[in-house]
Amino acid sequence: MRKLVLPKYFGRPSIGLALFGCANRPFYHICVFPDRALGRRSESSILEQVGTFDPLPNVRNEKLVALNIGRIKYWIGERNAHISVPVLELLGLCGLFPIHPKTFIRARNCRRLAEAAAQQAALKKEAEEKAKEEKNETQESKTGGKEKTGGVEREQLKEPESENKDKQLKREEDKAEKTDDSRGKEGDDSRVEARPAKKITEDSASKN
């Protein structure tokens, strides 16, 4: 019986989405079909195009929808057209119909997914911070041990320097003592040599 009736006049018209575009780039036309029970929708069965819908977000994270509201009202009011659920969701977001319950469900699911993703990101950050702190602690411990060993080596190096200084001071003291002794001996010799001169002067004075 269905084969004998023309598709354009069979049953109740419906408003739905017709898939266009290409692979990995879908694009939908909002069209009026003669009957939703006819099976697969194709371009040959479209009565009228009422709008378009781009499901992929653009640069501003927006999904664009274009609607011919006058023709949609005509098909819904005068022709009693049936509306598919995706088109009902779009019309609810546009304000022509009440918001569909599926939009609330989808928003709740998206919110839960976003919260879960945020929690995972926070846990990852905490784990990374802990790993960095552990690495810094290990590096500080290693550098601290090196500094300690370096300090010991420096002290060990400083000890021979102090010994050398002590030796130099002793040598200088010995030199000073030797110089003092030599000066004392020279003074004694000068005194011994000067005494006969005094005696000679005294003898000459007595003779006179």
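Residues are numbered from 1 along each chain as its sequence is written, and side-chain values use heavy atoms, with hydrogens and water left out. Because the model is predicted, local features need pLDDT of at least 70 and side-chain atom pairs count only at pLDDT 80 or more, while totals for chains, interfaces and linings use all residues.

User: What is the strand order in the open sheet of 5 strands?

Analyst: Strands here are DSSP runs of E with at least two residues, and helices are runs of H or I with at least four, both numbered from the N terminus. Two strands pair if DSSP finds at least two bridges between them. The pairing in this open sheet is mixed, and the order is 4-3-2-1-5.

User: Which strands stand at the edges?

Analyst: Each edge strand has a single partner strand, so one side of each is left without a neighbour in the sheet. The two in that position are strand 4 (65–67) and strand 5.

User: How many bridges join strand 1 to strand 2?

Analyst: Strand 1 covers residues 14–22 and strand 2 covers residues 25–33, and they run antiparallel. The number of bridges joining them is 9.

User: Which residue in strand 4 is the bridge partner of F53?

Analyst: Strand 2 and strand 3 run antiparallel, joined by 5 bridges, with V32 opposite E48 in strand 3. Strand 3 and strand 4 also pair in the antiparallel sense, over 3 bridges. In strand 4, the partner of F53 is V65.

User: At about what angle does helix 1 run to strand 3?

Analyst: Helix 1 (residues 69–77) lies across strand 1, strand 2, strand 3 (48–53), strand 4 and strand 5. Axes are lines fitted to C-alpha atoms, for helices over the stretch in contact, and angles run from 0 to 180 degrees between N-to-C directions.

User: Which residue forms a salt bridge with D54?

Analyst: A salt bridge is a side-chain nitrogen of Lys or Arg within 4 Å of a carboxyl oxygen of Asp or Glu, and the count comes to 3. For D54, the closest N and O atoms of the pair are 3.0 Å apart, and the partner is R25. D54 lies in the loop between strand 3 and strand 4 and R25 in strand 2, so the pair ties together parts 29 residues apart in sequence. D54 is buried at 13% relative accessible area (buried is under 20%, exposed over 50%, partly exposed in between, with a 1.4 Å probe and protein chains only), and its partner is R25.

User: How far apart are the closest N and O atoms of R71 and E48?

Analyst: R71 sits in helix 1 and E48 in strand 3, 23 residues apart. R71 is partly exposed, with a relative accessible area of 30%. The closest N and O atoms of this salt bridge are apart by 2.8 Å.

User: Leaving aside neighbours within four places in sequence, which residues is S84 in contact with?

Analyst: S84 is in the loop between strand 5 (82–83) and helix 2 (85–94). S84 counts as buried, at 14% relative accessibility. With contact meaning heavy atoms within 4.5 Å, the residues are I15, G16 and L17.
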